[in-house]
Every structure is written in C-alpha cells, then in structure tokens.
Amino acid sequence: MIKEGVLYDELPGNKVKCNVCSHRCTIAESKVGICGTRKNIKGRIHTLIYNTVSSEAVDPIEKKPLYHFLPGTLSYSLGTIGCNFRCLHCQNWNISQVSLEEAYTREIKPEEAIKRAVASGSKSISWTYNEPAIWHEYTYDSAVLAQKAGLKTVYVTNGYITPEALQRLVPYLDAYRVDIKSFSDDFYKKVCGARLAPVLESTKLAKELGCMWRQ
C-alpha cells in the first residue's frame with residue numbers, strides 16, 4: 001500500500017529530503033531513496049510498503065535477542081522489505097535487498113496486526129527481520145495501537161534512525177535493540193554502505209530517552 005509519509009523536507013525543483021534515516025536522502029521526483037521503499041511522488045514522500053509484510057512469526061523474546069525483557073514470553077514479529085544498509089553478509093538479503101515486484105508479500109493493517117499479536121498469546125510486538133526504521137509510518141501507527149492493547153513494543157534495528165524519527169516513536173516504544181556491527185567506521189563504509197557515528201548516536205539517544213529494555 002502506498003501512503004504519504006512523514007518527516008521530510010520539500011526542496012526546490014520538486015525534490016524532497018527524507019528525514020527518517022541517517023542517510024537523509026535527497027530524492028528527485030519519481031525516484032526512491034537508498035532503502036528503495038520511500039518515493040518522491042509529486043514533491044511529497046510516500047512509503048511504498050505501509051501495510052506490506054514479508055515475514056510473520058511468533059518468536060521467543062530471547063530470539064530478538066533481548067536480555068531480561070519479558071523473559072520466557074513470546075513476541076509477535078513482523079518484517080517488510082528493503083533496507084537502508086547494503087551489508088555484504090546479510091542473512092535476510094531475500095527480503096532486505098529485493099523490490100516489491102520480486103518479493104512475496106501480503107497486506108496486514110496495523111489493526112489486524114495487533115489482533116493477531118494478542119490472539120497469539122504474545123506479550124509484545126516486534127518489528128524485525130529487515131530494518132524497521134524505513135517502515136516508520138506503519139510501525140508508529142501499530143505501536144500506538146499496541147500500547148492501547150497492553151502489548152509491549154520492540155524495534156530490532158541497525159540503529160540508523162534519525163533523532164527526530166526516534167523521538168516520534170519513543171512514547172510508544174519499549175525496547176530498542178541495536179545491531180552494532182563493528183566499532184570501525186571503515187567497516188561500516190565498506191561492508192554496510194553506511195557510517196558508524198549515527199548508529200552510536202541513536203543508541204545513546206535511545207538510552208537517554210528511556211526505550212532501551214524498558215520494563
């Protein structure tokens with residue numbers, strides 16, 4: 001489902017700057033950002049994957065992996081397609097590095113996702129398998145509903161989210177679990193197509209804002 005996005009700047013020449021992840025892509029009309037899922041349509045950012053789900057499972061919370069966060073419980077887990085990294089060693093490349101046309105997906109609205117999470121007996125809902133930051137609008141809307149339903153919320157992320165996107169999520173986010181892949185900026189540039197500093201900055205900010213393994 002295509003849906004107008006949030007957190008972007010309108011630029012001259014009908015371009016837009018996306019402010020969801022730390023690449024902060026400047027996107028020309030009819031083009032997409034590095035993630036392949038956020039498109040400039042007539043000078044406005046749109047997400048191409050709002051209700052799009054590639055992966056659905058009920059996992060032990062320890063698989064996220066989280067330590068001392070709702071131990072022994074289940075977490076209803078969803079993933080979509082696309083990623084803002086290009087990791088050469090990605091184990092989920094078949095969903096993170098494919099186009100919508102190549103992937104097998106289904107639509108699950110936020111309301112349905114919460115119902116399915118509750119029905120599964122899960123104590124939380126996790127956005128995982130690919131990078132949830134690029135799924136910002138869907139995960140935000142789902143997290144608002146999850147909180148009302150008494151579910152905890154989990155981001156399993158590479159940490160390349162912007163401060164403004166993280167701050168928008170924080171009131172509805174209980175656990176922010178970051179894959180810090182290396183402490184070498186060269187590694188991030190060569191292997192992931194990204195930089196180390198934004199990962200460390202978002203991880204520190206998440207801790208300061210209180211969404212690192214909050215009970």
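The model is a predicted one, in which local features need pLDDT of at least 70 and side-chain atom pairs count only at pLDDT 80 or more, while totals for chains, interfaces and linings use all residues. Residues are numbered from 1 along each chain as its sequence is written, and side-chain values use heavy atoms, with hydrogens and water left out.

Helices (H or I, at least four residues) and strands (E, at least two) are DSSP runs, numbered from the N terminus, and two strands pair if DSSP finds at least two bridges between them. By that rule strand 5 (residues 38-41) and strand 6 pair in the antiparallel sense over four bridges. The hairpin of strand 5 and strand 6 has two residues between the strands, and in this hairpin lysine 42 takes a positive phi near 55°. Strand 6 (residues 44-47) also pairs with strand 1 (residues 3-4), again in the antiparallel sense, over two bridges, and here glutamate 4 has histidine 46 of strand 6 as its bridge partner. Together these strands make an open sheet of three strands in the order 1-6-5, with antiparallel pairing. Strand 1 and strand 5 stand at its edges, and because each has a single partner strand, one side of each is left without a neighbour in the sheet.

Another open sheet is formed by three strands in the order 2-3-4, and its pairing is antiparallel. Its edges are strand 2 (8-11) and strand 4 (26-27), each with a single partner strand, so one side of each has no neighbour in the sheet. Strand 2 pairs with strand 3 (residues 15-18) in the antiparallel sense over four bridges, and the bridge partner of glutamate 10 in strand 3 is valine 16.

Helix 3 has 13 residues and reaches 19 Å from its first C-alpha to its last, close to the 18 Å expected at 1.5 Å a residue, where the expected span is 1.5 Å times one less than the number of residues. Among its buried residues are His136, Tyr140 and Ala143; buried means under 20% relative accessible area, exposed over 50%, and partly exposed in between (1.4 Å probe, protein chains only). Serine 142 lies in helix 3 (residues 136-148) and is buried, with a relative accessible area of 0%. Leaving aside neighbours within four places in sequence, serine 142 is in contact (heavy atoms within 4.5 Å) with Pro110, Ile114 and Trp127. Just after helix 3, glycine 150 takes a positive phi of about 85°.

Not counting residues up to four places away in sequence, tyrosine 160 touches residues including Cys21, His23, Asn84, Pro198 and Val199. The C-alpha atoms of tyrosine 160 and glutamate 131, which are 29 residues apart along the chain, are separated by 9.0 Å.

Pro198 and Val199 are also among the buried residues of helix 6. Helix 6 (residues 196-209) has 14 residues and reaches 20 Å from its first C-alpha to its last, close to the 20 Å expected at 1.5 Å a residue. What covers its buried residues includes helix 4 (163-169), strand 13 (175-178) and helix 5 (185-192). Helix 6 is followed by glycine 210, whose phi is positive, near 90°.

The structure holds one cavity of 30 Å³ or more, and about 80 Å³ of space lies in the largest cavity. Its lining includes Cys21, His23, Arg38 and Asn84. About 540 Å³ of space lies in the largest pocket. Of the 23 residues that line this pocket, the closest to its centre are Gln91, Asn92, Tyr129, Asp179 and Lys181.

Technical notes. 1 Å grid on protein atoms, 1.4 Å probe; cavity = no way out; pocket = protein on both sides within 12 Å on 5 of 7 lines; lining within 4 Å. Points joined across faces, edges and corners; volume = space filled by probe spheres on them.
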